[in-house]
There are 4 protein chains.
Amino acid sequence: MTLRIGVIGTGAIGKEHIRRITNNLSGGKVVAVTDIEEASAKSAIEQFGLDAGIYPDDKTLIAEGDVDAVLVTSWGPEHEESVIAAIEAGKYVFCEKPLATTIEGCMRIVEAEMKLGKQLVQVGFMRRYDSGYLQLKEAIDNKFIGEPLLLHCAHRNPEVDTTYSTDMAITDTLIHEIDVLHWLVNDDYKSVQVIFPKKTRYAHEELRDPQFVILETKSGIVINVEISVNCKYGYDIQCEVVGEEGIAKLPEVPSITFRKNGRIGSHILMDWKERFMDAYDAELQDFIDAIRKTGEPNGPTAWDGYIAQVTAEACLKAQNSGKKEAVVFLEQPDFYKKNLKPANV
Amino acid sequence: MTLRIGVIGTGAIGKEHIRRITNNLSGGKVVAVTDIEEASAKSAIEQFGLDAGIYPDDKTLIAEGDVDAVLVTSWGPEHEESVIAAIEAGKYVFCEKPLATTIEGCMRIVEAEMKLGKQLVQVGFMRRYDSGYLQLKEAIDNKFIGEPLLLHCAHRNPEVDTTYSTDMAITDTLIHEIDVLHWLVNDDYKSVQVIFPKKTRYAHEELRDPQFVILETKSGIVINVEISVNCKYGYDIQCEVVGEEGIAKLPEVPSITFRKNGRIGSHILMDWKERFMDAYDAELQDFIDAIRKTGEPNGPTAWDGYIAQVTAEACLKAQNSGKKEAVVFLEQPDFYKKNLKPANV
Amino acid sequence: MTLRIGVIGTGAIGKEHIRRITNNLSGGKVVAVTDIEEASAKSAIEQFGLDAGIYPDDKTLIAEGDVDAVLVTSWGPEHEESVIAAIEAGKYVFCEKPLATTIEGCMRIVEAEMKLGKQLVQVGFMRRYDSGYLQLKEAIDNKFIGEPLLLHCAHRNPEVDTTYSTDMAITDTLIHEIDVLHWLVNDDYKSVQVIFPKKTRYAHEELRDPQFVILETKSGIVINVEISVNCKYGYDIQCEVVGEEGIAKLPEVPSITFRKNGRIGSHILMDWKERFMDAYDAELQDFIDAIRKTGEPNGPTAWDGYIAQVTAEACLKAQNSGKKEAVVFLEQPDFYKKNLKPANV
Amino acid sequence: MTLRIGVIGTGAIGKEHIRRITNNLSGGKVVAVTDIEEASAKSAIEQFGLDAGIYPDDKTLIAEGDVDAVLVTSWGPEHEESVIAAIEAGKYVFCEKPLATTIEGCMRIVEAEMKLGKQLVQVGFMRRYDSGYLQLKEAIDNKFIGEPLLLHCAHRNPEVDTTYSTDMAITDTLIHEIDVLHWLVNDDYKSVQVIFPKKTRYAHEELRDPQFVILETKSGIVINVEISVNCKYGYDIQCEVVGEEGIAKLPEVPSITFRKNGRIGSHILMDWKERFMDAYDAELQDFIDAIRKTGEPNGPTAWDGYIAQVTAEACLKAQNSGKKEAVVFLEQPDFYKKNLKPANV
């Protein structure tokens, strides 16, 4: 049975996912679209030759009987309402990050899902589907490098414009490390500290860049993440796990190596969209496959969305205080205590 | 419009392609299968939950009105007859290598296609869809390393069993280099020489292994290929292009790097099937996409199948003579002189 | 003129330097030795076939007219007294770290040297002579990567025994980073923080291992150093400098690369002595050459010894307090404000 | 006892060795120099502040009682006469390549040495002292990669001027591979073939460049060497040994790695003199040490000089014939059958 999907928000990310479902993936079909700008919804239908209806808003799209699942790719502050509406209608939801823009909003979603008694929501944290992180996780879970003790990470962008603010280094950039790293080491965050090093001359006047974040987990793992959003040289994601028996590190993005002009070298991506292209495909294919095969999504849950939001807010507090701040979670409900593993791995 | 596909031969490779079309790719659907062992055809339908008919033989499957395109994944000596039947019926054909087991057989296919006046055939040379080779080709075509002068290549398998014979190093192993390398450097082969180095103790009694092949092109490029099919350490494909301005080389397969026990290292694949997994997906997706969008396949043509067969036979002659042997092609018909580029690149 | 050298302390390090001067380097000759154990001094003479006198103590050795320079390779707490005696006698001194075991001791040496009005002392911080660090420094000084903003460093040993204590991670291990990193970025330390991650099961009961140290410089550069002295896998020194325009990183120790058993890999040193073997040669050759050519040593000065001691003590304080601690230096005397560069680079 | 050395030929290479002995190495002293241009000999004395006499010619220098050993760094065609004179005088000889410019000349030296009954001669094949090749040899000798089957090698120079001719690719360039590779695999050459690929546009009119040489050994190892003397991008020496159990490869020259402008890269040497700087030091230190300790040099012998000359002449023949040419040696005299190993390894 093909999974019939409605898309809420046909901006850049929404269109990317529509293209993916229509041209690359198997088992899904976009049957409904809505956007606050109707022209955008229309252009999506034309661009990809969709056989899909246009709906005036998220509620009517969700209510449509032909829609099995919705993709929430609207503006962040709108996510919560759409996700809760979908849950209440018993529809599956794939929601881009953030799940909600507040801790309370995330908890309302968690509670709605628990009330229904069935997991319907997957959050768009695609890194868990990246082959590099999956290899790292396998090495950790197999004890190939022993117990993790330290993680050295970096998240670097070539540049940002003046709309990018100091807090977005947490909410838009670090948020991916926040999700993937605790999953990677099977642990929870306990505290966070943010240090502002010497500012690069490429950062705009209002922006602190780079930033250096130190997260500690309950078991004592120390995770440091360099965030540099004007590093100039490329889009570069680094993650090195220091374990008791050895070290494992993310692979570089595969590139031909060349020898030229006194250099041996290879290419670094400049465009972030290419880095996790395969992971975006994999997360959505897994969402479709898991629902079709098991009736339940298999990826990052609403609870993971909550975890990310709580941690991000502690980081924002640490940016302002200059001190180590505690990260405090509610106790994880049994409802979410399952062993999550992407089906296609 | 979904491309309706009939599969002729449901052995290991046939099933792999069925899985691919059914679970991973977009726009195609397996609607018909046939195999000399009916049980195999049945098991394919069950394994992948196909809504497909079983046909007694290739002819009846090809004749089926619901079939738009056929996949020829039967035993090599059967390929020619199925391909010609499909061409005569005006059906698209994706044929695994070899296109035919003789030069004459390849030419009969070429002639059938020219007689029809439309290209229908794509040969399963998947390396042209590998991202590494595509990066190499881009570097060459953009003159990033200047004119190619020499290519240093290796094709290594961990081991083979006693059914693998000295000539299979050409027809089953080198055949992929034969196809991809002339495409890579936009040139034709002129001569070939095969040298047998000291034999590895892991080769069975009848087998010459390793082998060292030197191909020269019309413009004078010297290509050497080491073939080692009992190299023990892994499945490893190397290609380094020495140009006038610099050198470009295939990337290694991405792997986490680790530091452990006095070593810094990463993993090498042991299983050849993983190496070109993405390329297999891409070639078949391109076959489906190109037909749906342009009415014509876009990949390696029947003429490329002929080129490969002529070159392979010259290599076999060189294995026996120990001398440099000429590679002689008929003149390329205008019909096949188009600029081939995978649509999805 | 050959530089006539007296060696104070003929233990393991003393003998290493004697071997170096006698068998590898040019322009120096060991003419006098002393050790608290006379048998050790005798065995040094025999082992290297020295034409050298044995002296009862450092004072008499220093007083010997035939001695131009002394090597202080005795037990750390004895260094200060020997160095000051040598300065007062107007003899050149190459002193292994630490210059003195207290800040006050270092300052007494600095003052003795300033009183004499001539630099005689070189401290054995050999990393400044390592070709990798020299390449890094050149990249920084040439603005190849722009202004340094962050440094990610690691100092890893395979294992230590139970005599190694938590404070030795600073005084014996980090001390080399303390010296080389401020030299590398041409800046002074301002504060330091020490974090204790989850302890490796390979650390003995009394030992905190690993440790994570964060040093900030006056201009705001954030330097983090992982210290792992039971990392098991090898002796490994890492240093990556993140600049405004790009990143530069120490090379790995050169090793053949091999492909074997499903791995591509190379060797990591297990023995720390091999890592800086060439740097040890270079620092001592430079000491000999600079004195012979210019009448003054050219390497790390007594002031550098003071800087290291002050910083190390702040790190010890930070280990105990768990807080960020200030690093406070006296103002650098003009006497020591010269541009230090190894002569042989 | 210091080894007293006379230098015959104070051109660029002669001066390099004088600098080395005087400023870097231990145990040797240049006491005598001669050159066909007396001004050159004088300038060498001044430049390095030597306490050495100037002699009118090689014979008088060799006859000088204070001279223990001579360095032959004159013009190639003069080597033979100087070497034989030194042997007849019972003086040690370090002779730069070529030992003699003809096979017969090499044999006259071999016979002179055998007549004397003592090995005095070391030929300046420095690669055997390179740490990379030594690591490779250790891997081979320890059976780490099993029996060698194939070697893939390259010798690349950024550019040559018009005085460099096609035959010099053998006599000046390949000659180093000729010496080091048979030593590496403990085997003798049996045949050689030279292929001329497409010519690079950077080669001058009279020059064939690149060249591709295939050497086969008695046991059947196939060695291929790409010679590119106008490769533009750098000076680059590659050697990869394919064995029955795995592969081992020379390390790249250590360089900082950087990330900048969309590239990850490191430096390649442009100047050949830097590549084997440490090996030049080591070969001469070993010559000095071995004579001082054992009374006999320890490096490449006169017989190795003969081996190189015979092989080079077969390569020249193969350049002209375009065919596989036999490499035929006289039987190795027992006099030269010792296990050669650098003393310092």
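Modeller: Start with a term. A helix axis is a line fitted to C-alpha atoms over the stretch in contact, and angles run from 0 to 180 degrees between N-to-C directions. Note also that this is a predicted model.

Colleague: How are two packed helices described?

Modeller: Two values are used: the angle between the axes and the distance between the axes. In chain A, take helix H1 (residues 12-24) and helix H9 (residues 277-294), whose axes come within 11 Å and cross at roughly 70°. Angles of 65 to 115 degrees count as roughly perpendicular, so H1(A) and H9(A) are roughly perpendicular to each other.

Colleague: Which residues make the contact of H1(A) with H9(A)?

Modeller: From H1(A) come A:Glu16, A:His17, A:Arg19, A:Arg20, A:Ile21 and A:Asn24, and from H9(A) come A:Met277, A:Tyr280, A:Asp281, A:Glu283 and A:Leu284. Sorted by class, the contact of H1(A) with H9(A) has five charged, four nonpolar and two polar residues.

Colleague: At what angle do helix H1 and helix H9 of chain D pack?

Modeller: In chain D, H1 (residues 12-24) and H9 (residues 277-294) pack at about 70°, with axes 11 Å apart. H1(D) is therefore roughly perpendicular to H9(D). Among the residues making this contact are D:Arg20 and D:Ile21 of H1(D), and D:Tyr280 and D:Leu284 of H9(D). The class count for H1(D) with H9(D) is four nonpolar, two polar and five charged.

Colleague: Into which domains is chain A divided?

Modeller: The assignment gives domain 1 (3-123) and domain 2 (131-271). Their C-alpha centres lie 30 Å apart in chain A. An unreviewed entry lists "domain: Gfo/Idh/MocA-like oxidoreductase N-terminal" for residues 3-125 of chain A. That stretch, residues 3-125, is 44% helix and 21% strand, and its end C-alpha atoms are 21 Å apart. From an unreviewed UniProt entry also comes "domain: Gfo/Idh/MocA-like oxidoreductase C-terminal", at residues 137-324 of chain A. Over residues 137-324 the chain is 35% helix and 27% strand, with the end C-alpha atoms 28 Å apart.

Colleague: How are two copies of a chain related?

Modeller: The relation is a rotation about an axis together with a shift along that axis. Here, chain C is superposed on chain A by a rotation of 180° with 0.0 Å of shift along the axis, at an RMSD of 0.0 Å. The two copies are thus related as by a two-fold rotation axis. In chain C, C:His152 has the C-alpha nearest the axis, 4.3 Å from it. For chain A on chain B, the rotation is 180° with 0.1 Å of shift, and the RMSD is 0.1 Å.

Colleague: Through which surface do chain C and chain A meet?

Modeller: Of the interface residues of chain C, 100% are also interface residues in chain A, so these copies meet through the same surface. Likewise, 100% of the interface residues of chain A are also interface residues in chain B, so those copies meet through the same surface.

Colleague: What holds for most peptide bonds, and for phi in most residues other than glycine?

Modeller: Most peptide bonds are trans, and most residues other than glycine have a negative phi. Exceptions can be found here. The bond joining B:Asp209 and B:Pro210 is cis, with omega about 5°. B:Pro210 sits in the loop between strand S8 (189-195) and strand S9 (211-217) of chain B. In chain C, the peptide bond from C:Asp209 to C:Pro210 is cis too, with omega near 0°, and C:Pro210 lies in the loop between strands S8 (189-195) and S9 (211-217) of that chain.

Colleague: Where is A:Asn261 found?

Modeller: A:Asn261 is in the loop between strand S13 (257-260) and strand S14 (263-267) of chain A. A:Asn261 is not a glycine, yet its phi is positive, about 50°.

Key:
Residues are numbered from 1 along each chain as its sequence is written. Chains are lettered from A and ligands numbered from 1 in the order in which they are written. This is a predicted model: local features need pLDDT of at least 70, side-chain atom pairs count only at pLDDT 80 or more; totals for chains, interfaces and linings use all residues. Side-chain values use heavy atoms; hydrogens and water are left out. Helices (H or I, at least four residues) and strands (E, at least two) are DSSP runs, numbered from the N terminus. Angles under 35 degrees count as roughly parallel, over 145 as roughly antiparallel, 65 to 115 as roughly perpendicular and the rest as oblique. Contact means heavy atoms within 4.5 Å. Ala, Val, Leu, Ile, Met, Phe, Trp, Tyr, Cys and Pro count as nonpolar, Asp, Glu, Lys and Arg as charged, and the others, Gly among them, as polar. UniProt positions are given in the numbering used here, feature names are shortened, and annotations may be inferred rather than shown by experiment. Copies are superposed by least squares on the C-alpha atoms of residues with pLDDT of at least 70 in both. Domain bounds come from an automatic or database domain assignment.
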